[in-house]
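Let's take a walk through this one together. Have the sequence and the 3D view open as you read.

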Amino acid sequence: MSKKLTTRLIQTGLAILIAGPLLYLLMYWWTIDVPLWEHLIATQIFSLIRNSIILLLGVGFGTSFLGVGLAWLTYRYRFTGSRFLTGALILPLAIPAYVQGFIYLGILDVSGPLQTFMRQLYPDIGFLNARNAFGVIWVMSWVLYPYIYLLTRQAFAKLDRSQIEVARMAGYSRRRIFFTLIFPMIRPGWMAGLTLVWMETLADFGTVSLFGFSTFTTAIYKTWFDFYSLATAAQLSSILMLIAFLLLWWEKRSESHIRHDSHVTLWAPQILRGKQRFWVSLACWAALATALAVPVLQLIYWSFQAPTQTWQSLMAPLRNSLLLAVMAAAGITLLAYIQSLINYRRMDPVLDRLVPLTKLGYALPGTVVAVAILLWFSQLEQFLSHILPFEVYLTGTVLGLLGAYLIRFFSLASQSLVDSFARMEVSVNDAARTLGASPWLRFKQIIWPLTRPGALAALLLVCTEVIKELPATLLLRPFGWDTLALKVYQWTNEAMWVEAAMPALLLIITGTLPLWLFRPREEKNA
Amino acid sequence: MLKLDGISFAYGDNMILKDVSMRMAPGTIGALIGPSGCGKTTLLRIIAGLETPISGVIEVNKTRVEDQGITIPAEKRKIGMVFQNYALFPHMTVEGNISFPIQQLPRNERKARVTELLNLVHLDGQEKRYPHQLSGGQQQRVAIARALAQQPDILLMDEPLSNLDAKLRDQLGQDLKQLLKKLGITTLIVTHDQHEAWQLADEIGVMFDGNIVQWGSFADLTKHPVTPKIKQFVMANSTCDICGQIVADTHSHAQILKDPVA
């Protein structure tokens, strides 16, 4: 078999494995459950759409305000702790939104510290309810702003001082400089960040279900578990999938045409003194406290209160989480590595068409992926049981979970590997060839050592994402199987904040590790 | 010895090389010059075995490495190549890089070869350093030592001086020529810089649009250019003021260039 054919076969197999279930889901419109749809349209659809729009606008505004603001302050100024804050301000990303959500619910709860304290002061104050749109927006903004922070900060770092100086000498005011020069230049970064934020917002299941705020993801879950209508769940999923693709398309279409010089004159940051230093420091430290310190301290406090049985009941979920994470990360990284290797330096138009298909999953909510995997696997189950002499079980096994993780996180692993392959000088491989090295030797001594960091990063990223993943795990897990994330979900659904704190803390610790390793660094002074 | 006969190459429908032929005697230093996009680097890569031509024959010291579609792969050709960016392995020391092609040798023999090669390129005692700790000129010499380690039949160099500091270029060019002559190895150099070609090569081929239009000595090219385009290309460069002097006395051009005007 020719080399070209082999690589095409491998790539096609990979594309089917990942995109197959998704495309199958899109076609699932042949049985329409008319009464259920009538019920949905009469009672839910419009509120789902309204809720989703409120959420997208609110979270979009909140994250943009926090993300752009903090990026500007840490880029432009030097103040107390600015070096530490530059990196630390992305750490809230390590807190799953549903964890942040239950912490705020716990703090604002009727029996929580805030309301108890307020009632002591004013007994007639009544009850504060955080389970509303504003609560969800607040929580999600504090978790998701780092996407915008990270990407606009990178855009700020490419600003050229002399461009600003040209404008100043032309007599532009500060405000005009910001709106005519700086904002257009950071807009692509901001929009890329906003797209990520919106995808995560649409995909969120844990937080909205905790706050009782129904969106598409909770509706899918309900039609599946309460109405037992897989077909309707699939149809709702395909609507959500189309919205996600629409977002992706919008972001791609508005991709920037600005190409920056590699040599920019850095814009020397301003060292703040006196009052200004105080206020800017306070703003940034307060942001970090709200997003990270307060929630984490609250979790630690609750963890100490947790009864000892809680710890014992966490052993099995912890083992399951680690097992799943390691299996998924190893498998996904291996497949992504194979894809990078066969595509490395190969100009084959067929491969170029197939590669994007393997990256569709990252834009999709876990709920949608779970429904797709379930339909695909049950179809496969029927087919295999038909042609084989024994019954085949695929749904409700770990295989289903691994399939969903593959779809969701393949592009994450792939991106980190593609980057490390791209950084490798192309001529290095050619040089090894002219020096008489066989393909195996080249792989062992040149390609693998140079791409190993990328592979390790991929492994780490997938591991932490799998440990955090909630909706797909909830829908596809084998019966009676718990993970850390599921434990958090179950306990918080019953308002057992104290018990949920320990597994939540474990999730945050594992999530912090890759973020701290890949954190942004303060620019060197020009 | 290097012999090319009727080499053609295409990317898709785009013909890059059209029926290229040439011949170099053992021990000659040849240079291919021509504007960018004329196919000279592609030709070098074809000789190395990194690209496969549509048709043609390549002989290296009487061995046919390419014979109308029957190709000996690059790894089996024993052709040394020095890449434009040197392509040193960034995760290996100087010693690791140079001993890469001779891993099958016993340890002490390998060490001896590395020492010998480093001495040859004037980098004694630099075994343990990493490529990023070396200057551009040193990196190039490591790349040459690495290419020589497998005792290749011929040596190919892609733009050997272009990545170096302008001030050092003339000195390093002379050193390079001296080294190649001492080794007596047949060498083919690709460059877009006429000055570099005059300085290093015994014979020069001028390429336009996928063809070697003229192959000859410096004197041939300047005195008997076959087309007006060649005359223009050979004369038109920053060193043309010295070209005049060189044409007058073609035998001593190397001496004139030792004291460069440009």
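How many bridges join strand β3 of chain B to β10(B), and do they run parallel or antiparallel? Four bridges join β3 (residues 29-33) to β10(B), and the two run parallel. Before going on, a word on ground rules: this is a predicted model, where local features need pLDDT of at least 70, side-chain atom pairs count only at pLDDT 80 or more, and totals for chains, interfaces and linings use all residues. Residues are numbered from 1 along each chain as its sequence is written, chains are lettered from A and ligands numbered from 1 in the order in which they are written, and side-chain values use heavy atoms, with hydrogens and water left out. Helices (H or I, at least four residues) and strands (E, at least two) are DSSP runs, numbered from the N terminus, and two strands pair if DSSP finds at least two bridges between them.

Back to β10(B), then. Within that pairing, B:Leu32 has B:Gly205 as its bridge partner. β10(B) also pairs with strand β11 (residues 211-216) of chain B, this time in the antiparallel sense, over five bridges. There, B:Ile204 sits opposite B:Gly216. β10(B) and β11(B) make a hairpin with two residues between them, and B:Asp209 in the turn has a positive phi of about 45°. Five of the six residues of β10 (residues 203-208) are buried, so the strand is largely enclosed by the rest of the structure. Buried here means under 20% relative accessible area, exposed means over 50%, and partly exposed is in between (1.4 Å probe, protein chains only).

Now look at β8 (residues 154-158) of chain B, where five of five residues are buried. In a regular strand, side chains alternate between the two faces of the sheet. Both faces of β8(B) are covered: B:Ile154, B:Leu156 and B:Asp158 are buried on one side, and B:Leu155 and B:Met157 on the other. Strand β7 (residues 79-82) of chain B pairs with β8(B) in the parallel sense over four bridges, with B:Val82 opposite B:Met157. Strand β9 (residues 186-191) of chain B pairs with β8(B) in the parallel sense too, over five bridges, and B:Leu156 is partnered by B:Leu188.

Elsewhere in chain B there's an open sheet of five strands, in the order β2-β1-β4-β5-β6, with antiparallel pairing. Its edge strands are β2 (14-24) and β6 (70-71), each pairing on one side only. Helix α1 (residues 40-48) of chain B packs on this sheet, touching β1 (2-11), β2 and β4. Contact means heavy atoms within 4.5 Å.

Over to chain A, whose secondary structure comes to 23 helices and two strands. A compact globule of 526 residues would have a radius of gyration near 24 Å, and chain A agrees at 25 Å; that radius is taken over C-alpha atoms, and the globule rule is 2.2 Å times the number of residues to the power 0.38. Of those 526 residues, 52% count as buried.

Finally, where do the chains meet? The contact takes 20 residues from chain A and 22 from chain B. About 1700 Å² is buried between them, with carbon and sulfur atoms giving 60%; buried area is the accessible area (1.4 Å probe) that two parts lose on being put together, summed over both. In chain A, A:Arg433, A:Thr434 and A:Leu435 lose the most area to chain B, together 40% of what that side buries. Also look at A:Pro449 in helix α20 (residues 439-468) of chain A: A:Pro449 counts as buried at 18% relative accessibility, and its contacts include B:His91.

Notes:
Axes are lines fitted to C-alpha atoms, for helices over the stretch in contact, and angles run from 0 to 180 degrees between N-to-C directions. Lists of a residue's contacts leave out its neighbours within four places in sequence.
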